[in-house]
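What follows is a walk through one protein model, from its overall form down to single residues. Please look at the sequence and the structure before reading on.

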Amino acid sequence: VSYKPSSGGEFCNTAKATAVCAEPVTAKACSGVEGIPAVLLEVIDVSDPIEVGGNETYIITVTNQGSAQDTNLVVKAMLEDNMQYVSSSGATTGSFAGGTVTFAPLPTLAPKAKATWQVVVKAIKAGDVRFSVTLDTDQLDRNVEETEATNFYE
């Protein structure tokens, strides 16, 4: 017997043998299958380039491409000096301090599910800027990092 499960869980096979001259017998064999969470972090800017004084919206999307839920997802976005924080929204609430937007942990992300956050910044100085995002979860040994480049011009 071979399996190609699409989700985790316990899978069992039962076999039964009967004969004319013997009592019927059955046997059961079970296998446990564990799923794997696999997160994808994507960051895009809605408009690029942005004139100094204008606002730019960054969209952060986390997708669980795996077969098991991911837990305790924490998203952080780092702003460069050329940017001024305006607002944040999304799957969890964000707070801004010390140049970083930290979103409250998302308790779980089911297999194949997506969660989205947005950060709005104001362009305050011309330049080639980077909007950096990190993602940490209980299932990861290290952070996932993604950076989006935006051109602020005068």
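Among contacts in the protein between residues at least 6 apart in sequence, 65% join residues at least 24 apart; a contact here means heavy atoms within 4.5 Å. The model is a predicted one, in which local features need pLDDT of at least 70 and side-chain atom pairs count only at pLDDT 80 or more, while totals for chains, interfaces and linings use all residues. Residues are numbered from 1 along each chain as its sequence is written, and side-chain values use heavy atoms, with hydrogens and water left out.

The secondary structure comes next. The protein has 13 strands and 0 helices, so that its pattern along the sequence reads β-β-β-β-β-β-β-β-β-β-β-β-β. Strands (E, at least two residues) and helices (H or I, at least four) are DSSP runs, numbered from the N terminus. The radius of gyration is 24 Å, well over the 15 Å that the globule rule gives for 154 residues, so the protein is more spread out than a compact globule. That radius is taken over C-alpha atoms, and the globule rule is 2.2 Å times the number of residues to the power 0.38. Along the principal axes, the C-alpha atoms fill a box of roughly 95 × 25 × 20 Å.

Of the 154 residues, 29% are buried. Buried means under 20% relative accessible area and exposed means over 50%, with partly exposed in between (1.4 Å probe, protein chains only). The protein exposes about 9,100 Å², and carbon and sulfur atoms supply 48% of this area. Accessible areas come from the Shrake-Rupley method with a 1.4 Å probe, and for residues only the protein chains shown count as cover.

Now the cysteines. A disulfide is a covalent bond between the sulfur atoms of two cysteines. The structure holds 1 disulfide, identified as a pair of cysteine sulfur atoms within 2.5 Å. Cys12 and Cys30 form this link, with their sulfur atoms 2.1 Å apart. The pair links distant parts of the chain, 18 residues apart: Cys12 is in strand β1 (residues 9–19) and Cys30 in strand β2 (residues 22–33). The angle about the S-S bond is 105°, and the link of Cys12 and Cys30 is right-handed. Cys12 is partly exposed at 34% relative accessible area, and Cys30 is partly exposed at 38%. Cys21, at 78% relative accessibility, counts as exposed.

Leu135 belongs to strand β12 (residues 127–136) and is buried, with a relative accessibility of 0%. Leaving aside neighbours within four places in sequence, Leu135 is in contact with Val39, Leu41, Val62, Leu73, Val74, Val75, Leu140, Asn143 and Val144. The C-alpha atoms of Leu135 and Glu145 are 6.5 Å apart, and these residues are 10 apart in sequence.

Thr61 sits in strand β5 (residues 55–64) and is buried as well, at 14% relative accessibility. Not counting residues up to four places away in sequence, Thr61 touches Leu40, Leu41, Glu42, Lys114, Ala115 and Thr116. Thr61 and Leu40 are 21 residues apart in sequence, and their C-alpha atoms are 8.0 Å apart.

The backbone has some local features to note. A cis peptide bond joins Asp48 and Pro49, with omega about 5°. Pro49 lies in the loop between β3 (39–45) and β4 (50–51).

Asn72 has a positive phi of about 55° although it is not a glycine. Asn72 lies in strand β6 (residues 70–78) and is partly exposed, with a relative accessible area of 31%. Lys112, also a residue other than glycine, has a positive phi near 70°. Lys112 is found in the loop between β10 (106–109) and β11 (114–123), and its relative accessible area of 60% makes it exposed.
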